[in-house]
Amino acid sequence: MRKFLLPLFAFLSLAGAAFASDLTPEEAKDHVGDTVTVRGTVSQVIVARTGNVFVNFGGAYPNQTFSAVLLAKRTPALAEGGKTWLTDLKDKNVSVKGKIEMNEGKAQIVLTAREDVHAN
């Protein structure tokens with residue numbers, strides 16, 4: 001019985017570690033619909049006239065590979081006190097947690113809480 005349980009435990013431990021690891025911005029497109037953490041360096045931050053904020057990874061718009069997006073009308077509390085908490089992320093290593101969606105062929109996470117964004 002032990003001979004069976006030990007390999008099974010080792011396999012499950014490795015499988016769990018694989019699912020727990022952060023994704024790169026380039027890997028995000030392969031995980032649409034999953035709630036994950038994406039980690040990378042912020043290439044560009046755009047504050048649109050609408051109040052939306054786009055935190056781009058892997059290049060500047062329109063060549064980014066991944067974006068974290070603050071939709072001002074959907075989550076106005078995230079913009080309270082200004083948006084410098086996002087604009088200050090440029091050139092920093094950042095992790096973003098949320099559900100991966102696709103928008104115009106690019107992977108993105110729509111931000112819902114400040115706690116889901118961490119400068120590392």
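Glu104 is exposed, with a relative accessible area of 69%. In this predicted model, Glu104 sits in the loop between strand 4 and strand 5 (106-110). Its phi is near 50°, a positive value in a residue other than glycine.

Asp91 also has a positive phi, of about 70°, although Asp91 is not a glycine. The loop that holds Asp91 runs between helix 2 (84-87) and strand 4 (93-103). With a relative accessibility of 57%, above the 50% cut-off, Asp91 counts as exposed.

Strand 1 (residues 35-47) and strand 2 run antiparallel and are joined by 5 bridges. Together strand 1 and strand 2 form a hairpin, with 5 residues between them. In the turn of this hairpin, Gly51 has a positive phi of about 95°. Across the pair, Gln44 stands opposite Asn56 of strand 2.

Strand 2 is also joined to strand 3 (residues 66-70) by 5 bridges, and strand 2 and strand 3 run antiparallel. Here Val53 has Leu70 in strand 3 as its bridge partner. How many of the 5 residues of strand 2 (residues 53-57) are buried? The count is 4, so strand 2 is largely enclosed by the rest of the structure.

The loop between strand 2 and strand 3 contains Pro62. A cis peptide bond, with omega of about 10°, joins Tyr61 to Pro62.

**Side chains around strand 3**

Ser67 belongs to strand 3. Is Ser67 buried or exposed? Its relative accessible area is 4%, which is under the 20% cut-off, so Ser67 is buried. The side chain of Ser67 makes a polar contact of 2.5 Å with the side chain of Asn56. Leaving aside residues up to four places away in sequence, Ser67 touches Val55, Asn56, Ala107, Gln108 and Ile109.

The structure holds 1 aromatic pair. The ring centres of Phe57 and Phe66 are 5.4 Å apart and the ring planes stand at 55°, so the pair is tilted. Phe57 and Phe66 are both buried.

**Salt bridges**

A search of the whole structure finds 3 salt bridges.

| Asp22 | Arg39 | 2.4 Å |

Which parts of the chain does the pair of Arg39 and Asp22 link? Arg39 is in strand 1, while Asp22 is in the loop between helix 1 (2-20) and strand 1. The two residues are 17 residues apart, and their pair links distant parts of the chain. Arg39 is partly exposed, with a relative accessible area of 32%. Asp22 counts as partly exposed too, at 30% relative accessibility.

Lys29 is partly exposed, and its relative accessible area is 48%.

Lys90 counts as partly exposed at 41% relative accessibility, whereas Asp91 counts as exposed at 57%.

How values were computed. Residues are numbered from 1 along each chain as its sequence is written. This is a predicted model: local features need pLDDT of at least 70, side-chain atom pairs count only at pLDDT 80 or more; totals for chains, interfaces and linings use all residues. Side-chain values use heavy atoms; hydrogens and water are left out. Buried means under 20% relative accessible area, exposed over 50%, partly exposed in between (1.4 Å probe, protein chains only). Two strands pair if DSSP finds at least two bridges between them. Rings of Phe, Tyr and Trp (its six-membered ring) pair if their centres lie within 6.5 Å; planes under 30 degrees apart count as stacked, over 60 as edge-to-face and the rest as tilted. A polar contact is a pair of N or O atoms within 3.5 Å; within protein, one must be able to donate a hydrogen and the other to accept it, and residues adjacent in sequence count only if both atoms are side-chain atoms. Contact means heavy atoms within 4.5 Å. A salt bridge is a side-chain nitrogen of Lys or Arg within 4 Å of a carboxyl oxygen of Asp or Glu.
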